[in-house]
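Try each task before you read its solution.

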Amino acid sequence: MPKLSNNRAVRMLNAAAEGKYGVLGVVSYNMETIIACIAAAEAKKSPLQILLFPWALKYSPLFVDFAAMAARKASVPVTVHMDHAQDPEVIKQASQIKAHDGTPAFDSIMVDMSHYEKEENLAKTKELVALCHSRGIATEAEPGRIEGGEDGVKDTAELEGMMTTAEEVDDFIATGIDFLAPAFGNVHGDYHGVENIHLDYDRLASIQKKVDGRVQIVLHGTNEFPPDIMKKCIERGVTRINVNKLVLSDYNEYVAKSTGKVPLTQLLEKGTALMQAQCEQWMDDIGSSGKA
Ligand SMILES: [Zn+2]
């Protein structure tokens, strides 16, 4: 399987690994979020990845078109990633969607078969990675299992979380994936306090050693993470950092408080500005500002 050296997402994360900084992967549920994170990336001269869940396909194909077009119109490198695609049919469908310029709408897709037992997970992952690669799309997988759920991601709480092992790193790299999302104490959803965040940094360091630059490491489950935890993860090889609440919390609070009380135009503008501000702060904190 040829490495996708021309894929924009691969190039972006290779550069992040080389430069030892993180790139935000912003979970986007609406157009305001996409407008906000791209405005932040342009203001900070930062690379960026827009993350859509498979939910976006169900919601409206126009939303995917919007993300793909917005990414291409940005004055800095921006890619579109489908996160946690847990259904092979959805992956096949997503891999066929084209942007207006004829290139794949999704630069990368997370082939998340972590709800299957390991042998079936690996077999399905390998097949779907080959399909995505044949269309120029990079892929990501989750060895082990990151516990919990997020809005748009199936909650795997009934399934036990499993930390990623060194052996699994090799097994998953052998499927051809480009990005690896390890489980080392990170969980989806809320930690209910920074004191409850218990990451196994030694495990992450040993995963980085085992990976040895063959793929890039990405981080899931960052709600409530402070900048110093992000920095420790980046020091141990993390490149893309998925953010949900970390950039949406001020927006969510403002919208909850102001809906129906201020003009809709103000709600949209102020809400977008709040998300942009949180994105810009994080771009500074994880070192991607000025790296576009
Ligand atoms: Zn995730």
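**Exercise 1. Decide whether Glu142 is buried or exposed.**

Solution. Count the C-beta neighbours of Glu142 inside 10 Å: there are 27. Now apply the cut-offs: a residue is buried if 20 or more other C-beta atoms lie within 10 Å of its own, exposed if 12 or fewer, and partly exposed in between, with C-beta atoms placed from the backbone. Glu142 therefore counts as buried.

Before going on, note two conventions. This is a predicted model: local features need pLDDT of at least 70, side-chain atom pairs count only at pLDDT 80 or more, and totals for chains, interfaces and linings use all residues. Residues are numbered from 1 along each chain as its sequence is written.

**Exercise 2. Place Glu142 in the fold and list its contacts.**

Solution. Find strand 5 (138–141) and helix 7 (166–173); Glu142 lies in the loop between them. Helices (H or I, at least four residues) and strands (E, at least two) are DSSP runs, numbered from the N terminus. Next, set aside neighbours within four places in sequence: Glu142 is then in contact with Asp112, Ser114, Ala181 and Ala183. Contact means that the two C-beta atoms, placed from the backbone, lie within 7 Å.

**Exercise 3. Explain why Asp112 and Glu142 gather at one spot.**

Solution. Start from the record: UniProt places the feature "binding site" (unreviewed entry) at Asp112 and Glu142. UniProt positions use the numbering given here, feature names are shortened, and annotations may be inferred rather than shown by experiment. The two residues span 31 residues in sequence, yet their C-alpha atoms are not more than 6.3 Å apart, so they gather at one spot.

Now look at Asp112. It sits in the loop between strand 4 (108–111) and helix 6 (118–134). Asp112 is buried, with 28 other C-beta atoms within 10 Å. Beyond four places in sequence, Asp112 touches His84, Ala85, Gln86, Ala141 and Glu142.
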